[in-house]
Amino acid sequence: MHYYRRSIRRARLTRTKAFFITLLFHLLLIGYFTYGSDVSLLQYLPESLQELLGSPAATVAEEGPRP
């Protein structure tokens, strides 16, 4: 019985480590691709999230083209 409890604890620890390592890897990968570029990371967000964050790019996009 004691061995069963230890194996469950170890499996939970392994899953938690894997989650955080994966999260860190993806954040670093996104940062690597956006660090040297001239494009803002906010440009890739949907308009609803841009409005929620108060991005000035969202208000400019609503004006539309000028003749």
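**Figure 1. Surface and overall fold of the chain.** The chain exposes about 6600 Å², of which carbon and sulfur atoms supply 66%. The coordinates shown here, as in the views that follow, are those of a predicted model. Of the 67 residues of the chain, 4% count as buried. The secondary structure comprises 3 helices and 0 strands, and reading along the sequence gives the pattern α-α-α.

**Figure 2. The aromatic pair formed by F19 and F20.** A search of the whole structure finds 1 aromatic pair. This pair joins F19 and F20, whose ring centres lie 5.3 Å apart, and with 70° between the planes the arrangement is edge-to-face. The edge-to-face label applies because planes over 60 degrees apart are classed in this way. F20 has a relative accessibility of 49% and therefore counts as partly exposed, since the exposed class begins only over 50%.

**Figure 3. A nonpolar patch on the surface.** Four side chains are shown together in this view, namely F19, F20, L23 and L27, which form a nonpolar patch with about 430 Å² of accessible area together. Both members of the edge-to-face aromatic pair, F19 and F20, thus also belong to this surface patch.

**Figure 4. L23 within helix α1.** L23 lies in helix α1, which spans residues 2-35, and is one of the residues of the nonpolar surface patch. At 40% relative accessibility, L23 counts as partly exposed, because this value falls between the limits of under 20% for buried and over 50% for exposed residues.

Technical notes:
Residues numbered from 1 in each chain as written. Predicted model: local features only at pLDDT ≥ 70, side-chain atom pairs only at ≥ 80, totals over all residues. Heavy atoms only, no water. Helix = DSSP H or I, 4+ residues; strand = E, 2+ residues; numbered from the N terminus. Buried < 20%, exposed > 50% of the residue type's maximum accessible area, 1.4 Å probe, protein only. Areas by Shrake-Rupley, 256 points an atom, 1.4 Å probe, with all protein chains shown as cover. Phe/Tyr/Trp six-rings, centres within 6.5 Å; stacked < 30°, edge-to-face > 60°. Patch = residues over 30% accessible without salt bridge, like charges linked within 9 Å, V, L, I, M, F, W, Y side chains within 5 Å.
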